[in-house]
Amino acid sequence: MSELPPSSDSDDFDEIVEAETDRDPDLAVIEAGSRTLRAQAGPPQASDAVPGRPADPEVDKALREVEQELATRWGETKLEPSVSRIAALMDVLGEPQRAYPSIHITGTNGKTSTARMIEALLSAFDLRTGRYTSPHVQSITERISLDGAPITHERFIETYQDIKPYVEMVDASQDYRLSFFEVLTGMAYAAFADAPVDVAVVEVGMGGSWDATNVIDGSVAVVTPISLDHTDRLGSTHAEIAGEKAGIIKEGATVVLAQQPVDAAQVMLKKAVEVDATVAREGMEFGVVSREVAVGGQLLTLRGLGGEYEEIFLPLYGAHQAHNAAVALAAVEAFFGVGAEAARTLDVDTVRRAFAAVLSPGRLEVVRRSPTVVLDAAHNPAGARATAEGISEAFGFSRLVGVVGTSGDKDVRGLLEAFEPILAEVVVTRNSTPRAMDADELAAIAVEVFGDERVVVEPRLPDALEAAITLAEEEDEFAGAGVLVTGSVITVGEARLLLGKG
């Protein structure tokens, strides 16, 4: 049996884990009345984008104190739909979010990968970037990045201490204290202004209209594919969810719209017309011209707003990442005025260099060989289908064993059904958070989808990883068996630590 690295003993693990489309719709409806954007012409990244704990004991202690203080606030799943508290915080901080232009990203799947690609492109064109994404894979500091890398532990602590008196002032004046996510959003906007950055790339936490990030005026609004997720908060149909997410579209902005279900596209186009926004649509003004599997990723030809970009190597797997790349490229072109002000492409060598440097931890990420272990943070059926397609295309496993740990508020059956065709067996488990679905409850659903003989129950994630690796090793050494760990960003983050990353 393969052993996990020594750094993953249960004491260390228990400490660390405290931290936390359908792409082919009939697009005819999109012709409805909005202006469209198309030109007539038909940074160094960190070696690992996920930091571990601080090496300095004093810094680690200070960071834990900040994490503990933040943990006393409402978590990210408890919401009071309003931007009044974050607006009040911005006011007392002097409106730091107005100090730089922003690209604002919403959608259901692909937001973080798209944000990373946008950031890489902007950095390659010598702009200083700030990126705010959520949730984090391992370290809370991942959420706020400067120049393509998470801010240092020391800077994270200093930023919190700088805004803490103002947070307490707002807490005292509101019906409810600022939430965990609202405080982090305030920290990000303050850190970007202090840097200062040339442009901020901001991913919503949930939805759009009342999301805490929605106190910026994004000159470019990006909408990645919408599917059914967080239906208890955002709505039970694509159209209802799109109505909430359309709230990031500001007057006069450019909307970069990934391919969407038709009813979602209709809502987005209607909002764009209402606020006189310009729309660039995947499959119409931009898109993926061609793609082929390559060693370590894929080779793309993308059509941007100003023309075609050939021989783009993207070191990420799956058709969904190619579509994310097309969206990211169009967003950066729109930011630079390509299509609206100039019929030209961006420098193709710079674009190639940027995409070749993209990292997206926990998204079809290979973290081990013999047997190969792949991590993917898919947590809803649409994401799981994209992951299953990407795995089948890029890896060709003779036998694939799944390790699945989900949150209890997700469409677990839909997720398991999406993975069933590619998994020989599934080891069901749970991550460390209170939101995690009980392993036995998850197993009951898994048995209905996979059958009793294909389901193994291991309530502890370390045991689940050992069991899956053992099952994979039952194949001959050269037979090509693998392990896929999925179901939740938290599950993937904890597995990443157990497997010696970060």
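The following is a dialogue about a predicted model of one protein chain.

Modeller: The model is predicted, so local features need pLDDT of at least 70 and side-chain atom pairs count only at pLDDT 80 or more, while totals for chains, interfaces and linings use all residues. Residues are numbered from 1 along each chain as its sequence is written, and side-chain values use heavy atoms, with hydrogens and water left out.

Biologist: How many helices and strands are there in the chain?

Modeller: The chain has 16 helices and 17 strands. Both are DSSP runs numbered from the N terminus: helices are H or I with at least four residues, strands are E with at least two.

Biologist: What share of the residues count as buried?

Modeller: Of the 502 residues, 58% count as buried. Buried means under 20% relative accessible area, exposed means over 50%, and partly exposed is in between, with a 1.4 Å probe and protein chains only. The accessible surface of the chain is about 18,900 Å², and 48% of that belongs to carbon and sulfur atoms. Such areas come from the Shrake-Rupley method with a 1.4 Å probe; for residues, only the protein chains shown count as cover.

Biologist: Why are helix 12 and helix 13 called roughly parallel?

Modeller: The axes of helix 12 (residues 381–394) and helix 13 (residues 412–419) cross at roughly 10° and come within 8 Å. Angles under 35 degrees count as roughly parallel, over 145 as roughly antiparallel, 65 to 115 as roughly perpendicular and the rest as oblique. Helix 12 and helix 13 are therefore roughly parallel to each other. The axes are lines fitted to C-alpha atoms, for helices over the stretch in contact, and angles run from 0 to 180 degrees between N-to-C directions.

Biologist: Which residues of helix 12 and helix 13 meet?

Modeller: P381, A384, R385, T387 and A388 in helix 12 meet G414, L415, A418 and F419 in helix 13. Contact means heavy atoms within 4.5 Å. By class, this contact has 6 nonpolar, 2 polar and 1 charged residues. Ala, Val, Leu, Ile, Met, Phe, Trp, Tyr, Cys and Pro count as nonpolar, Asp, Glu, Lys and Arg as charged, and the others, Gly among them, as polar.

Biologist: How many aromatic pairs are there, and what makes W74 and Y176 a tilted one?

Modeller: The count comes to 7 aromatic pairs. In the pair of W74 and Y176, the centres are 5.1 Å apart and the planes are at 40°. Rings of Phe, Tyr and Trp (its six-membered ring) pair if their centres lie within 6.5 Å; planes under 30 degrees apart count as stacked, over 60 as edge-to-face and the rest as tilted. W74 lies in the loop between helix 2 (57–71) and helix 3 (84–92), and Y176 in the loop between helix 5 (153–173) and helix 6 (180–194), so the pair ties together parts 102 residues apart in sequence. W74 counts as partly exposed at 23% relative accessibility, and Y176 is partly exposed at 40%.

Biologist: Why is the pair of Y317 and F395 called tilted?

Modeller: The planes of Y317 and F395 are at 55° and the ring centres are 4.8 Å apart, so this pair is tilted. Y317, in the loop between strand 11 (308–314) and helix 10 (319–335), is linked to F395, in the loop between helix 12 and strand 14 (399–404), 78 residues apart. Y317 is buried at 15% relative accessible area, and F395 counts as buried at 18%.

Biologist: How do you know whether V167 is buried or exposed?

Modeller: V167 has a relative accessible area of 2%, so V167 is buried. V167 lies in helix 5 and touches R73, L89, L178 and V183, not counting residues up to four places away in sequence. V167 and L89 are 78 residues apart in sequence, yet their C-alpha atoms are 6.6 Å apart.

Biologist: What makes E95 and D126 worth a remark?

Modeller: Most residues other than glycine have a negative phi, and most peptide bonds are trans. E95 is not a glycine but has a positive phi of about 55°. D126, also not a glycine, has a positive phi of about 65°. E95 counts as partly exposed at 28% relative accessibility, whereas D126 is exposed at 70% relative accessible area.

Biologist: Which residues does a cis peptide bond join?

Modeller: A cis peptide bond joins S134 and P135, with omega about -10°. The bond from S370 to P371 is cis too, with omega near -5°.
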